[in-house]
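These are my notebook entries on one structure. I record what I looked up, entry by entry.

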Amino acid sequence: MTPVPRNPEKHPSFFDEGDVVGVLTTQPLDRRLDYLAPEGGCFAGAFVEVPLGPRKVLGVVWGPGEGTFAREKLRSVIRVLDAAPMREEMREFLLRAADYTLTPMPAMLRLATRSPELGDPPSMRTIYRLGEAEPDRMTEARSKVIAVLEEFGDAAFTLGELAEMAGVSTGVVKGLVKQGAVREEASPRDLPYPPLDPGSAAVELTGEQAAAAEALRAGVASGAYETTLLKGVTGSGKTEVYLEAVAECLRQGRQALVLLPEIALTSEFLSRVEARFGARPAEWHSGITMTERRRCWKMAGAGRAQFVVGARSALFLPFRELGLIVVDEEHDTSYKQEDGVLYNARDMAVLRASICGAQVVLASATPSLETWANAEAGKYRRLDLTARFGEAVMPQMRAIDMRAETLPATRWISETLRRAVEARIAAGEQALLFLNRRGYAPVTICRACGHQIGCDHCDARMVEHRFLKRLVCHQCGETKPIPATCPSCGAEGRLAPVGPGVERLGEEVSAVFPEARVKVLSSDLFGSARALKAEIEAIAAGEADIVIGTQLVAKGHNFPLLTLVGVIDADLGLQGSDLRAAERTFQLMRQVAGRAGRREKPGLALLQTYQPEHPVIRAILSGEEEAFWRAEAEERRQAGVPPYGRMAGIILSSPNVQEVFDLGGEMARRSDPLRRIGAEVYGPAAAPIARIRGRHRVRLLVRAAKGSPLQSALAEWVGQFRLPANLRLSVDIDPQSFY
Ligand SMILES: [Zn+2]
Ligand SMILES: [Zn+2]
């Protein structure tokens, strides 16, 4: 994406009472609606409540009205909501994001107004401070309350907080209020966030880190748009470096946003922020309460949240003066929203920053090929951190050629790996066994007839989860008990698990290392992010000898005692026809290996593979990253696929299989708008997962040259067809996965 000139068209910024204004609502309508500005007028961008039929709905004053209806037929805006008006740059961002992702504007506005009770007046709460008067009689309990208030100076407390801190009943506080010794006040619930101090405890940076931090600081100070790839091996201190860019942003009086891929990371991250800036930042993710959500949304808009840490949807917060967006682990697939509005938060961060003149930092040890290519082409600046913190080096990587190992069919730990694990345990160190498969076994097969148990609603096999004592469909979440007899041939007791999941690997580990303390880390084994965090902390503190984990462990957790990583099946990600399979395997293996040897102890990564000569495996082992990226880039350039060409995936789904194939065929035939821009259409074909939740899925793929006007051609093409009532069509620009 490239920066754009700002403020393409000028609109009035204020509308007087009775002016005709165009309001974009969150309702699924294909146009804005005209209303009359309310008493007192309203600003352009104002959040308003408007009548729509018998209902009241949320909207934003987008600009002057169309004026197609007679004035006297127009209804008035009901009221202007208590929120800072949406800024013009935000409106432009939503428009351009809608164009890019081919999303209707009301859906974009819904993304940007994900705050509960926007229409309510700010709710008040009662707080308590030190009063002027002396109590008539000073008891011991009363003096404790006064002491707490005096100790904290001007601070205010809720009733419960104050009573608890003083160790008295709430009645004692109330008694002091009656006497005027304690003051009771009403205060808005949505309080500004505590100020962060950019000058507070900065950590000492190494020469390389200091140089990168200085470059980022200079970028932020310039006040202009720019994107930087901050590439650093695991443990090189990327976070410390980009927090210095955040510090500069705070000094400039602008707001900073850090996007993280996973909630589990947030608490560790928040503590680091608190240590650096003396207070915690605002949070925005699915784990926060509704009250916090509303507070974060409102304070971002009021400029009273200086620093927000959040998941991808934080990009749609109404920042008042955004100066910096950091996308940490920018290659992470969770940045791609795969439901509803299909967008990639990394690309949208670049778009938003280019509109508001902010800096973007894309941080990763293993960047996406798109980002790598943009840096190669000079569109993004690139900063490299090559040294690991505390003298540690990237672990040594070796393959274990599984063709030379003799293992029974129900064992997955080779003798070579077993000996390596044993040596670590003897040395009081930790080993990680990595297997990117949840559950007990990926396939349950009948040994009498060969039938594999599948999901009733999807074309997917059911995965046995022994922990849950059920079979689970990883596509739709459907579960059922493990049957006693084969549903196909009726044979009894012949169903058998095939292949390993982490639970089954756990059994093998317990059998092979009976003395070892074993922990299994898999997202489905923990009820909450908090339970998972506790488990991670226990491991970091040395309460396990062997850790078994899925890709959950690849994401930035710090295990100082870990010195060995064994990858059970390095070939797993190489199967399948996904365009990004090689890139993903490369990234995942590098990240997992990066877990080993983060302190002074050197690490070792052992990859069990049946194809040690595969180019991706060889690139992983050699550690020659740039060679891997260049080879992968060349393959994609030859094939004309992203980032050297453009692609869009169209998925049609319906309970009626005939309908989806009929429409798919018609779309392939009537593709003139696409052919005019030189684009090619492939399909229709059954999607790789041809049925999910009972809906049949058909896919078309569109490929076009880089720089061609793909979105407008797609919009014209799709607009030609009338969709049957039960058929859903979704367009995915730059698809990340092809299911
Ligand atoms: Zn059978
Ligand atoms: Zn299913």
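I began with a definition: a residue is buried under 20% relative accessible area, exposed over 50% and partly exposed in between, with a 1.4 Å probe and protein chains only. The model is predicted, so I noted that local features need pLDDT of at least 70 and side-chain atom pairs pLDDT 80 or more, whereas totals for chains, interfaces and linings use all residues. Residues are numbered from 1 along each chain as its sequence is written, chains are lettered from A and ligands numbered from 1 in the order in which they are written, and side-chain values use heavy atoms, without hydrogens and water.

**Entry 1: aromatic pairs**

I looked up the aromatic rings next. A pair of rings is described by the distance of the centres and the angle of the planes. Rings of Phe, Tyr and Trp (its six-membered ring) pair if their centres lie within 6.5 Å; planes under 30 degrees apart count as stacked, over 60 as edge-to-face and the rest as tilted. I also needed the terms for elements: helices (H or I, at least four residues) and strands (E, at least two) are DSSP runs, numbered from the N terminus.

The structure holds ten aromatic pairs. In one of them, the ring centres of phenylalanine 14 and phenylalanine 43 are 4.9 Å apart and the planes stand at 80°, so I recorded the pair as edge-to-face. Phenylalanine 14 belongs to strand S1 (residues 14-15) and phenylalanine 43 to strand S4 (residues 42-43), 29 residues apart, and the pair thus links distant parts of the chain. Phenylalanine 14 is partly exposed at 33% relative accessibility, and phenylalanine 43 is partly exposed at 47%.

I then turned to phenylalanine 316 and tyrosine 343, whose ring centres are 5.3 Å apart with planes at 75°, so this pair is edge-to-face. Phenylalanine 316 is in the loop between strand S13 (307-310) and strand S14 (322-328), and tyrosine 343 is in the loop between S14 and helix H10 (345-356).

**Entry 2: the zinc ion**

Which residues coordinate the zinc ion (ligand 1)? I found Cys446, Cys449, Cys486 and Cys489, each through SG, at 2.2 to 2.4 Å. Donors are N, O and S atoms within 2.8 Å of the metal (3.2 Å for Na, K and Ca), and water is not among the atoms, so sites may look incomplete. The angles between the four donor atoms are 106 to 111°, which makes the arrangement tetrahedral; four donors count as such if all angles lie between 85 and 135 degrees. The ideal angle for four tetrahedral donors is 109.5 degrees. The spacing of the donor residues in sequence is C-x2-C-x36-C-x2-C. Cysteine 449 is partly exposed at 38% relative accessible area, and cysteine 489 is partly exposed at 41%.

**Entry 3: sheets and strands**

Two strands pair if DSSP finds at least two bridges between them. I traced an open sheet of four strands in the order S29-S30-S28-S31, with antiparallel pairing. Strand S29 (680-692) and strand S31 (728-733) stand at the edges with a single partner strand each, so one side of each has no neighbour in the sheet. Strand S28 (residues 645-654) and strand S30 (residues 695-705) share ten antiparallel bridges, and isoleucine 651 has arginine 699 in S30 as its bridge partner.

Elsewhere, strand S2 (residues 20-25) pairs with S3 in the antiparallel sense over four bridges, and the bridge partner of valine 23 in S3 is leucine 33. Strand S3 (residues 33-36) is covered on both faces: Leu33 and Tyr35 are buried on one side, Asp34 and Leu36 on the other.

I counted helix H2 (residues 105-112) as largely enclosed by the rest of the structure, because seven of its eight residues are buried. Among these are Met105, Pro106 and Leu111.

Lastly, I checked the backbone. The peptide bond from proline 642 to proline 643 is cis, with omega near 5°. Another cis peptide bond joins glycine 683 and proline 684, with omega about 10°; proline 684 lies in strand S29. Lysine 469 has a positive phi near 60° although it is not glycine, and lysine 469 is exposed at 64% relative accessibility.

Notes. Tetrahedral: all angles 85-135°; square planar, octahedral: opposite > 155°, others 65-115°.
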